Amino acid sequence: MVDLMRSIDFIHDDYLTPAQQKELGEESQGIMRNLTKYKNRRHASGFMQAVHDFNKVIRELKEKGEIKKNVKQMQHPSYELACHVLYQVYSRTVAHEAEALNNYAAFSNNVYGEINSILVKEFIERTGIVSSNVFMDLGCGIGNVVLQVAAQTGCEAFGIEIMETPCKYAKRQLKEYAARMKAWMLPTGKIHFRQGDFLDTGKNDMYATLKRADVLLVNNYAFDAATNHALAQLFLDLKEGTRIISLKSFVPKNHKLNQRTLHMPESILHVKKYEYFSEAVSWTHSGGMYYIATVDRSRLKPFHQDMYRHTKENE
């Protein structure tokens, strides 16, 4: 019932013009009033009639092409609508089997944890992801972030996950997501999920995608130092301007840019630090920090010029 009423509210608020909304009435009268009144009174026949009346109006608008016209102007769903659709997807594909996601080795690199939708929204805003971009989630779990980024922006989105069960759920979610976004008349974006180790570039086809990615997400909160170091080596092949979102910084606080560190991946990363607040991640109710590193090789230019000058002087 709650899911149905939320769907009705989103159709009313997001898919109709003010003039079209008047055909459904408002909180004090008409179809919208009847829906709320009969729901609250638990009057089944009255509520079913109100749903029938609502569907009739929407069906007529759809047949006239009005809904399609409104959706075209909307382009991408609001954050709230995207979350509603993704909640429907998750509820029907993963929720009833969610306990299976707890089968991991404690304190390993494969510890499962999700970044919640409110923080993903902030990631999208901070990095400025648009439909022409390529987004990649290294260690995507059940694919929630990949789906949300694609839903909100229409971009091409990739996820790679080493664990079989979460990856299976990610692909299951993708199938349901495609069907539901079609029903909501919304663009899905191009989405791809792969099972594999993102560090094993020889065995997965995601390395080529990595090199053209505009935004990477690495939920490295539980990664050990060796894994983070190996990941950083991959960043040497990223294109200029790529943004890397992480839960731990890939650049140590004591890292200094000089002649001895020029060839280290940390030296091409310009890092900004941001705070997230409670309920932003699944593994803690407290807040924390996240980092956005931007690939910026121009930082090395003065050092290369200095090396070139010294070479010339010694000739």
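A search of the whole structure finds one cavity of 30 Å³ or more; a cavity is a set of points, on a 1 Å grid over the protein atoms alone, where a 1.4 Å probe fits but cannot get out. The largest cavity has a volume of about 50 Å³, volume being the space filled by probe spheres set on the points, which are joined across faces, edges and corners. Its lining, defined by an atom within 4 Å of a point, consists of Met-136, Leu-138, Phe-198, Thr-201, Asn-204, Met-206, Tyr-207, Leu-210 and Leu-234. Strand S1 (134–138) and helix H10 (207–212) each supply at least two residues of this lining. Helices (H or I, at least four residues) and strands (E, at least two) are DSSP runs numbered from the N terminus.

The model is predicted: local features need pLDDT of at least 70, side-chain atom pairs count only at pLDDT 80 or more, and totals for chains, interfaces and linings use all residues. Residues are numbered from 1 along each chain as its sequence is written, and side-chain values use heavy atoms, with hydrogens and water left out. The predictor's confidence in each residue, pLDDT, runs from 0 to 100; its mean for the protein chain is 90, and 92% of the residues reach 70 or more. Among the elements, S5 has the highest mean pLDDT (98) and helix H12 (residues 301–314) the lowest (63).

Seven strands form an open sheet of mixed pairing in the order S3-S2-S1-S4-S5-S7-S6, where two strands pair if DSSP finds at least two bridges between them. Strand S3 (191–195) and strand S6 (269–276) stand at the edges with a single partner strand each, so one side of each is left without a neighbour in the sheet. Neighbouring strands are turned by 15 degrees against each other on average, direction ignored. Strands S5 (residues 243–246) and S7 (residues 288–295) run antiparallel and are joined by four bridges; Arg-243 has Thr-294 in S7 as its bridge partner.

Helix H7 (residues 117–127) lies across strand S4 (215–218), S5, S6 and S7, at about 30 degrees to S7. Helix H9 (residues 164–183) lies across strand S2 (156–161) and S3, at about 160 degrees to S3. Such angles run from 0 to 180 degrees between N-to-C directions, with axes fitted to C-alpha atoms, for helices over the stretch in contact, that is, with heavy atoms within 4.5 Å.

Helix H8 (residues 144–153) is mostly covered, with nine of its 10 residues buried, meaning under 20% relative accessible area (1.4 Å probe, protein chains only). The buried residues include Val-145, Leu-147 and Gln-152. Gly-154 follows H8 with a positive phi, near 75 degrees.

Definitions and conventions:
Buried < 20%, exposed > 50% of the residue type's maximum accessible area, 1.4 Å probe, protein only. 1 Å grid on protein atoms, 1.4 Å probe; cavity = no way out; pocket = protein on both sides within 12 Å on 5 of 7 lines; lining within 4 Å.
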